[in-house]
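Here is my note on the model you sent. The points run from the whole chain down to single residues.

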Amino acid sequence: MENEKGIQTDFKNRMTYGEYLQLDQILSAQNRLSDHHDEMLFIVIHQVSELWMKLILHELREAIACIERDELDPAFKMLARVSKIQSQIISAWDVLSTLTPSEYMQFRDKLGQASGFQSYQYRMIEFALGYKSDHVLKIYEKDEKLIEELKEAYAAPSIYDVAIKQLKNAGFSIPDELVNRDYTKPYKGDPAVEAAWLEVYKDVETYWNLYELAEKLIDIEDWIQQWRFRHMKTVERIIGHKMGTGGSSGVTYLKKVLDHSFFPELWDIRTKLS
């Protein structure tokens, strides 16, 4: 450091690194409700995951907007970034899994009914990917500003909805009722969409952008399913088959969601390609 003459050391009238990042607020938000050492691990892992989810939402929302504007190249960069972020969140489960059942039981009661099931950012990610379920909205009714934000995300087109619009714009026979549908309803799949994606994968050179978009979506769903699996196994490792703090069936519920597919046709065509 002695040889680095240009390094700034006088910050009396300059913004510091900590001030820019508001580290005083971030690093003072880890408030344990017990005196158990490992509660800090539990809090930090979940806070870090929520920060990564904030960035995922930031990228997904702009990617959706770009696709709607037929600007696919920047959307590809954003979706690739989402996949990299997902890999970081998955790795967090490896750290949390160092928490043993005996250690967790020392402070679990302090959580009350608070649960990761209530993560509103995770719900918004599900909405952005097309998984819409109105019953979860009831969880957030105590916060009027948040519930309005969630309802707006719930009614907005998902990234798969705008991808299907791209198929129609490319000349494929996609029914109008699919591209102008009620986006609050969960997407169930459609033969016309499957036929279009199948043609895209059979003629990659002609439909390169659509092919690239499809593969970016597959990457994201692949990673989110890996996240779900690691979540389920970490929960099973720490609490077994106990009920979740938020009232869910815990591991049983987490196993059920593993069967859900966000982009069904993109998986189905893999069997039908010849």
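1. Surface. The accessible surface of the protein is about 15,900 Å², and carbon and sulfur atoms account for 52% of it. Accessible areas come from the Shrake-Rupley method with a 1.4 Å probe, and for residues only the protein chains shown count as cover.

2. Basis. This is a predicted model, in which local features need pLDDT of at least 70 and side-chain atom pairs count only at pLDDT 80 or more, while totals for chains, interfaces and linings use all residues. Residues are numbered from 1 along each chain as its sequence is written, and side-chain values use heavy atoms, with hydrogens and water left out.

3. Make-up. The protein has 13 helices and 0 strands; helices (H or I, at least four residues) and strands (E, at least two) are DSSP runs, numbered from the N terminus. Along the principal axes, the C-alpha atoms fill a box of roughly 60 × 60 × 40 Å.

4. Burial and contacts. Of the 274 residues in the protein, 43% are buried, where buried means under 20% relative accessible area, exposed over 50%, and partly exposed in between (1.4 Å probe, protein chains only). Taking contacts between residues at least 6 apart in sequence, 70% join residues at least 24 apart. Contact here means heavy atoms within 4.5 Å.

5. Helices H10 and H11. Two packed helices are described by the angle between their axes and the distance between the axes. For H10 (residues 191-202) and H11 (residues 208-239) the angle is about 110° and the axes are 9 Å apart. Axes are lines fitted to C-alpha atoms, for helices over the stretch in contact, and angles run from 0 to 180 degrees between N-to-C directions. H10 and H11 are therefore roughly perpendicular to each other, a label for angles of 65 to 115 degrees.

6. Residues at that contact. H10 contributes Trp 197, Val 200 and Tyr 201, and H11 contributes Leu 210, Tyr 211, Ala 214 and Glu 215. By class, the contact of H10 with H11 has 6 nonpolar, no polar and 1 charged residues. Ala, Val, Leu, Ile, Met, Phe, Trp, Tyr, Cys and Pro count as nonpolar, Asp, Glu, Lys and Arg as charged, and the others, Gly among them, as polar.

7. Backbone points to check. Most residues other than glycine have a negative phi. Gln 22, in the loop between H1 (17-21) and H2 (23-26), has a positive phi near 55°. Gln 22 is partly exposed, with a relative accessible area of 41%. Asp 70 also has a positive phi, about 65°, and is found in the loop between H3 (39-68) and H4 (72-96).

Key. Parallel < 35°, antiparallel > 145°, perpendicular 65-115°, else oblique.
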